[in-house]
Amino acid sequence: MKIFICIILMLSTLYSFEIKWTYPEQYIYERMTFGSSAAIADLGPHVNNEGGEPDSFMEIVVGSDEYLNFYPEIRDSAQGIWRCIDSRGNLEWAISTGTDESRSSPAVADFCGDSRLDIVGGTTSGWNVEIISDTGSFIWVFPDPPERDGRNLWHSSPAVADVVPSVAGLEIVIGNNSCHAVYCFQGDPSDMVDDGIHYDFSAHTADCFFSYTGAGGTDGIDWDILWVFDTDGPVVSTPALGDIDGDGDMDVVVGDGYQELYGPMIVGGGNIYCIDGPTGTLRWRIDAGESLVVIDASPALADFDADGDLEVVVGASNGKLYFIDGDENSNGVIDSDEMSIYMLRGGIHSSAAIADVNGDGEYEVVVGSNDGVLSCFLYIPPDSITVLWADILNGPIISSPAVAGKLRDPAPWPMFCRDVRRDNFYPAKDTMLYIFVATLNGVIYKIRGIDGAVMDSIRPAIHFHTSPVMADIDYDCEYELVITGMNLIADTIYCIGTGLYREGCKSCAPIELVSTCPPADTVVATSCISQIARFTIAETTGWDQIDTSQFLGELRVKHRDGTIDVQTIDNDFPNLSISGNPSDTINAEISGISWNEGDSVWITLGSMMTMYECTTIFSSFVGFVLDTTPPVISPGTSMPPLGGIADNIVDISFDITDNIAGILTDSIFIRIYAYHVDGTVDSGDIRGRNSATVGFLDNDSVVLHVRACDNIHDYGCSCPPNCDSIDYWFLISGRGPVANIILPANNTISACVDQQIWLRIYDSDGIDTNTIVLVVNSDTFTCDSTELRFKNDTLF
């Protein structure tokens, strides 16, 4: 099997990513490993107070790293804040945490069974897990009441499922950093029944809650803890929920250990736990065997081998990527033949994503590491691991990847770790997907799942340690990516168009060929040695975009010797340039090629594709033949010789020829001058097929100026036609003497100050020298003048 390794040396600026809106945050005090990744959901008709968009459009709920600010959204100061933002970037509501930063990534589910969605998230350095209604008010918190200056308790993000079937409704499972534990809460404790264990909060004020000063609340009344599982190290990892052993109920998989992202602190753990969901007891544990190993990535779960139970993939800070088949022999431990490890060069804090990214019908694993490598694996349990491709991106990857493709699903990856179970798994098969991942150096990438090719990238922020979430939040058929970007003082929430469109959302419409230059589907003559071909193309749906990377055409050149050259025109063609707005109109231009005289050129636009993968077949061409030679103008057969004598003239004709373009009739111009012996001049013009009348007299000198151009037109992208002209003159014989110039030579310009003038004057009856008059520049001379002599019919 081939391994594709793609090294990204520079950032590409292509066609997909477009920042649709931003939402600015306030002052940031400090950072921890992960920031709050958004959750996207349609919170329903009760949440649509701003913006005027349809109720069906989705909302975005997110926390932040903000600490101790005045927040205009709540018109008050607070140490932390939760926000709900609509699909167009307008604030719907905001609520103070009542404690500290809201770094946990929220989950959205119906906890209360009233068909209205609720929100749950943790705070850190805050004390509290907080459940919030769709309209932004607290339903319950633990401990109660909220209190400031907590001890970094809930950096883990909550997972939600029916973990304890004996208790009504959904449960919330979340890791605790300072308490070194995993907690399971009843989502809706309004039944006022203390299910599960009895958790006496006052008994814990001497350990991880030692500086909390409030009452804390009562189990079963203010909140309801069903079980607590103690771990060796702090739990920053987000639990993943799924049926690991195939027994029909939920299990919890989570890691422990904490490593400070921007500082030296490491609190080891290095364990991967599988906890029985209904009871909160250990099913099995894997110990990394090193005291300072941290497993803060969130596990990913999927049934790779279709055996009815889920496999686990999770990375560790020492670069080990664990592929766990599970406790197949039910002995309570993971034996060596039930697990495989792949060693990466960089530590792993990013949670893996599992999906059929290349569309081959098998699930792949995509994971990022601290050395900036995004790797794609094929895993066949229990021990077959193949690297399909690896991309070296521009910086460490703390963020977890999201996947999406040409799917019907309007929300393929709407929250951190994809869904409320936090299993990092997308189930669709047989459709090629794209991976979206952000680096710690502030770059977001769009990567093609089939081969790891980077399709687009954008750097809107300085750092990313949140993860992208994906949905068509405004139902315009394009998937949007929502992520919080880290900047020096205040962070920004970004909504970014991905250029990826939903399957079946809208019907394809043909791309329109608006115009070409030169004109389409005909062969014209051109005088441009580097004649261009321009295709003007328009997108017609109003929601799709032209994929400018998918131009396909052909260049065919027939030379004068009969040989033919053919080339394919695509995005790698060096003389293709594309400009304009892909959402409206673009110009595709082939330029910078030097053609040869007589070359016949056909440039065909074959097809183009939109970002929604709608293909339009054109088969229109631009054709031209190169003609740089002007017409040849020569006197006709009835013309007297140049400078000769014309007697009994009936026809005056010229032959005008051009072998390639032909003659543009309207360009033919003839000016006729008749110089009479009395010094007066008559003239007339002939244009194209028009006529002119000029009266000739005996002994007139006649000058003809003839100009013509070849049949080359101005198309707005071409050169002027080739033109030429000649001057032709002769004498009209008559009853009087006839004079011919001998010196200076006809049609020459003399540089001699003392230039001599010789004329031949003759008549069959002889010449009366007393009648000879010569006018030079208004000076009149006769044979009596000392300057003139006449001898043997020659005046000089």
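Biologist: How many salt bridges are there between domain 2 and domain 3?
Modeller: This is a predicted model. A salt bridge here needs a side-chain nitrogen of Lys or Arg within 4 Å of a carboxyl oxygen of Asp or Glu. Between domain 2 and domain 3 the count of such salt bridges is zero.

Biologist: Which elements each supply at least two residues of the side of domain 2 that touches domain 3, and which gives the most?
Modeller: Two strands each supply at least two residues of that side of domain 2, namely β39 (523-526) and β46 (615-626). The one that gives the most, with three residues, is β39.

Biologist: How many residue pairs are in polar contact across the interface of domain 2 and domain 3?
Modeller: A polar contact asks for a pair of N or O atoms within 3.5 Å. Across the interface of domain 2 and domain 3, the residue pairs that meet the rule, both at pLDDT 80 or more, number two.

Biologist: What area do domain 2 and domain 3 bury between them, and how much of it is on carbon and sulfur atoms?
Modeller: Domain 2 covers 512-626 and domain 3 covers 632-732. Their contact takes 16 residues from domain 2 and 11 residues from domain 3. The area buried between domain 2 and domain 3 is about 920 Å², and the part on carbon and sulfur atoms is 73%.

Biologist: How far apart do the C-alpha centres of domain 2 and domain 3 lie?
Modeller: Domain 2 and domain 3 are two of the parts into which the chain is divided, domain 1 (1-29 + 352-505) and domain 4 (738-795) being the others. The C-alpha centres of domain 2 and domain 3 are apart by 41 Å.

Biologist: Why is the chain called more spread out than a compact globule?
Modeller: The chain has zero helices and 59 strands. For 796 residues the globule rule gives 28 Å, and the chain is well over that, so it is more spread out than a compact globule, with a radius of gyration of 43 Å. Along its principal axes the C-alpha trace spans about 150 × 60 × 45 Å.

Biologist: Where is P382, and what is the omega of the peptide bond from P381?
Modeller: P382 has its place in the loop between β29 (373-380) and β30 (384-392). The peptide bond from P381 to P382 is cis, with omega near 5°.

Technical notes:
Residues are numbered from 1 along each chain as its sequence is written. This is a predicted model: local features need pLDDT of at least 70, side-chain atom pairs count only at pLDDT 80 or more; totals for chains, interfaces and linings use all residues. Side-chain values use heavy atoms; hydrogens and water are left out. Domain bounds come from an automatic or database domain assignment. Contact means heavy atoms within 4.5 Å. Buried area is the accessible area (1.4 Å probe) that two parts lose on being put together, summed over both. A polar contact is a pair of N or O atoms within 3.5 Å; within protein, one must be able to donate a hydrogen and the other to accept it, and residues adjacent in sequence count only if both atoms are side-chain atoms. Helices (H or I, at least four residues) and strands (E, at least two) are DSSP runs, numbered from the N terminus. The radius of gyration is taken over C-alpha atoms; the globule rule is 2.2 Å times the number of residues to the power 0.38.
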